[in-house]
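The sequence and structure come first.

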Amino acid sequence: MGFQIQGMELFAIGVVMIMFVAVLKGFGILEPMSSFEDSSDSDLELSTVRHQPEGLDQLQVQTKFTKKELQSLYRGFKNECPSGLVDEETFKTIYSQFFPQGDATTYAHFLFNAFDMDRNGSIRFEDFVIGLSVLLRGSVTEKLNWAFNLYDINKDGYITKEEMLAIMKSIYDMMGRYTYPSVRDEAPSEHVDKFFQKMDRNRDGVVTIEEFIETCQKDENIMNSMQLFENVL
Amino acid sequence: MAAGVATWMPFARAAAVGWLPLAQQTMPKPPVDKTSRSDEILFVNVSGLRFQTWKNTLDRYPDTLLGSSEKEFFYNEETQEYFFDRDPEMFRHILNFFRTGKLHYPRHECIQAFEEELAFYGIIPEIIGDCCMEEYRDRKKENQERLAEDTEAENAGDAPLPPDATLRDKLWRAFENPHTSTMALVFYYVTGFFIAVSVIANVVETVPCRPLKGSVKDLPCGEKFSVAFSCLDTACVLIFSCEYLMRLYAAPSRCDFARSVMSVIDVVAILPFYIGLVMPENEEVSGAFVTLRVFRVFRIFKFSRHSQGLRILGCTLQACASELGFLLFSLTMAVIIFATVMFYAEKGTKGTTFSSIPASFWYTIVTMTTLGYGDMVPDSIAGKIFGSICSLSGVLVIALPVPVIVSNFARIYHQNQRADKMRAQQKVRQARIRMAKKGATNAFLQHKEDGGLQGGDSDSTALCVKNRSAFEHQHHHLLQCLEKTTNHEFTDEVTYSEVCMMDSVGFRTSRSTSLSSQQGATTTCCSRRSKRRAIRLANSTVSVSRGSVQELATLHITKTPVGTQYPQSRSNLNARTEDLKLNCDDYTAAIISIPTPPANTPDESLPNSPAIPGILRNSRSSTYNTQETVKISSL
């Protein structure tokens with residue numbers, strides 16, 4: 001009888017070979033073959049970069065906060081973000097906690113971009129505190145400037161209808177589903193139309209910063225409400 | 001809300017400026033924040049260890065003690081700090097929770113202490129961080145199990161039965177706790193003996209004995225001595241049946257008892273016999289009958305009532321049910337896989353024993369458990385290769401769940417050891433507690449006796465004040481108030497029982513003065529604790545039913561207005577004219593169960609009293625037979 005290899009034996013031999021190779025790999029004997037792949041593995045994980053803010057005095061110059069206020073702000077900030085940087089995901093999570101009923105992520109995204117002035121993808125303490133300074137201690141014009149910056153998504157100096165619609169939708173998203181009266185699908189665009197009617201003087205379909213500020217300064221309601229958040233800190 | 005949210009609140013509010021130009025309606029006014037906004041450092045002194053923290057840190061969690069205005073209750077004006085008289089080590093963890101927002105469980109601390117601290121500071125344990133949650137839960141479960149054992153041990157029938165226990169209760173207690181009475185112990189051993197006898201008989205009757213005369217073949221002993229064995233079997237079954245019926249009768253809840261494991265075992269043990277009686281002696285049925293006899297072997301499980309080790313084993317298997325299930329499942333999977341493979345591998349071989357896949361199951365199991373009988377052996381190369389893989393994997397698959405089962409067994413075994421120790425300790429503890437209670441009561445009664453109430457002799461009161469603390473004074477005052485409220489007086493067991501003894505047998509003590517001997521037994525029940533008291537009683541009309549001791553009900557104790565000028569005796573028991581029926585079972589039992597009086601109470605000058613209580617006290621182990629005690633007292 002010759003040496004007949006039947007189907008099952010082939011299978012058996014195949015299984016044995018696979019197990020052999022696996023065992024060798026496990027023992028690292030097959031190292032040279034797989035050195036190209038990530039043999040260094042992830043044993044070394046570079047710790048996240050830590051960011052230190054500018055000095056207290058510099059920040060005092062740049063913002064309108066007192067030393068104590070800056071200290072208090074930093075303590076809170078550092079407690080929450082020990083690395084000194086807030087990335088967008090964390091920012092979205094934090095902001096969403098205030099609006100449990102709705103979805104605040106889109107608006108948080110816009111807000112993040114408004115705070116992240118150097119567009120590097122993370123908010124440092126300086127950005128944070130400068131933004132807050134404008135919002136809480138700035139003049140009305142500065143605040144309006146900031147709001148315009150927020151609405152102008154691509155930062156080109158013009159607010160288009162699409163940009164405004166996106167902002168409006170994100171704000172309405174924060175309301176969530178359970179509202180009275182229910183939010184209709186057309187509500188954001190209607191609101192946008194109203195806004196443009198008010199703000200767009202020359203009817204060119206975009207709102208510039210001058211139109212915006214001019215219109216807001218003429219509106220009593222808006223001017224009064226700008227004083228609202230003076231005492232937050 | 002989490003700590004972070006509170007920190008970011010100013011930011012969120014500031015960012016709302018972005019909505020202002022879009023608003024269609026006027027914005028509401030912001031809330032006026034009256035508290036000072038500037039952050040300050042607070043000092044918290046916990047048992048001398050001074051902690052400092054920002055006020056903001058504590059304000060993060062406003063529904064805790066430290067975060068709310070509740071901490072103002074602990075504010076110390078002079079030292080300008082919050083003082084807490086709690087464990088400073090634990091406080092560290094509490095404060096860290098405020099700082100980091102995560103609560104950690106310190107592993108070296110007692111879990112009860114930790115939970116108490118959390119409860120004090122108003123923090124719910126559920127917010128323990130994930131890192132420590134598992135440890136916390138494990139310890140908590142362990143603790144609860146231990147406590148459950150404690151209460152179970154307390155509720156176990158070691159406490160003396162209430163005197164109005166029916167025969168049923170007594171019987172049940174005798175069954176459950178054989179060490180409580182001699183009869184129960186005897187019964188316990190007898191049943192154990194018969195279980196052993198029955199099991200041994202079952203075994204022995206299959207042993208081959210020397211054949212009868214004239215025959216060649218060896219006969220099993222069961223057939224040779226069939227009469228003897230069947231008598232033995234019948235006797236055992238009768239005893240088991242009696243026992244089962246008695247248990248059924250005595251059980252407080254028959255349904256639960258009938259469903260319990262032990263009762264099922266009992267039934268299974270005796271049923272074959274009765275079925276055998278009922279069934280006719282024809283051929284086809286006797287095959288089934290033989291099978292039934294197998295069930296007789298389950299009598300051996302009746303031993304689990306007698307052996308704790310068996311019970312532990314049973315508990316363990318129950319507790320490890322999931323691991324065992326996993327073991328079984330993985331084994332089954334492996335068996336099926338390997339059996340299939342072996343079958344197809346050996347299919348080509350001529351005259352192979354692997355005739356089908358189910359037939360290969362046997363080979364696989366034998367190989368995986370490394371038994372290797374050798375009745376089925378693969379011939380082909382493929383078969384041998386797979387056979388070796390099979391045996392190697394078998395070792396692994398079986399070895400994996402075993403440590404889990406072993407650790408479970410160890411845990412349950414240790415728990416049981418602990419339970420036994422606990423029970424022994426509990427007895428000591430209870431005795432000590434009882435002594436302490438008695439001590440307190442006696443102190444109060446002594447205080448009254450010493451005339452502390454009426455403030456009679458200033459000399460005597462001065463003497464008697466002795467070393468009583470302010471706490472004791474207040475306590476005694478409280479008890480006095482209660483007495484005045486209810487118009488009754490506190491007394492102690494002995495006196496009370498003496499009263500009953502006297503009344504039940506119409507015993508008139510020579511010490512009691514002013515016995516109005518009217519028709520029927522009218523005695524005055526009075527305290528006879530010490531000679532130095534002048535015992536005067538006001539309206540003393542006690543009529544005692546002269547019924548036999550057996551008709552005993554509760555003693556009604558009422559007091560007529562005590563308007564005497566004499567210092568009150570310790571127990572002023574005046575009964576109205578209604579019939580008094582006494583339940584002396586309580587007190588006789590109570591007397592007998594009193595431990596030796598504590599040496600520190602000064603008023604245990606009982607030897608003065610007639611010998612009756614003394615004898616009663618010494619006859620501790622006697623059965624609670626009122627007849628006996630009555631006899632003694634009539635000496």
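Tyr274(B) has a relative accessibility of 31% and therefore counts as partly exposed. Phe273(B), at 18%, counts as buried. Buried stands for under 20% relative accessible area, exposed for over 50% and partly exposed for in between, with a 1.4 Å probe and protein chains only. The model is predicted: local features need pLDDT of at least 70, side-chain atom pairs count only at pLDDT 80 or more, totals for chains, interfaces and linings use all residues, and side-chain values use heavy atoms, with hydrogens and water left out. Residues are numbered from 1 along each chain as its sequence is written, while chains are lettered from A and ligands numbered from 1 in the order in which they are written.

The rings of Phe273(B) and Tyr274(B) form an edge-to-face pair, because their centres are 5.6 Å apart and their planes stand at 80°. Rings of Phe, Tyr and Trp (its six-membered ring) pair if their centres lie within 6.5 Å; planes under 30 degrees apart are stacked, over 60 edge-to-face, and the rest tilted. Over all chains, this rule gives 44 aromatic pairs.

Charges also sit over rings, which requires NZ of Lys or CZ of Arg within 6 Å of the ring centre and within 35 degrees of the ring normal.

| Charged residue | Ring | Distance from ring centre |
|---|---|---|
| Arg75(A) | Trp54(B) | 3.3 Å |
| Arg86(B) | Phe120(B) | 4.0 Å |

Helix 1 of chain A (residues 7-27) packs with helix 16 of chain B (residues 381-399) at an angle of about 35°, and their axes are 8 Å apart. Axes are lines fitted to C-alpha atoms, for helices over the stretch in contact, and angles run from 0 to 180 degrees between N-to-C directions. From helix 1 of chain A, the contact (heavy atoms within 4.5 Å) includes Phe11(A), Val15(A) and Met19(A), and from helix 16 of chain B it includes Ile385(B), Phe386(B) and Ile389(B).

Chain B has 23 helices and 10 strands, whereas chain A has 11 helices and 4 strands. These elements are DSSP runs numbered from the N terminus, with helices (H or I) of at least four residues and strands (E) of at least two. Of the 635 residues of chain B, 37% count as buried; for the 233 residues of chain A the share is 36%. Among contacts between residues at least 6 apart in sequence, those joining residues at least 24 apart make up 64% in chain B and 58% in chain A.
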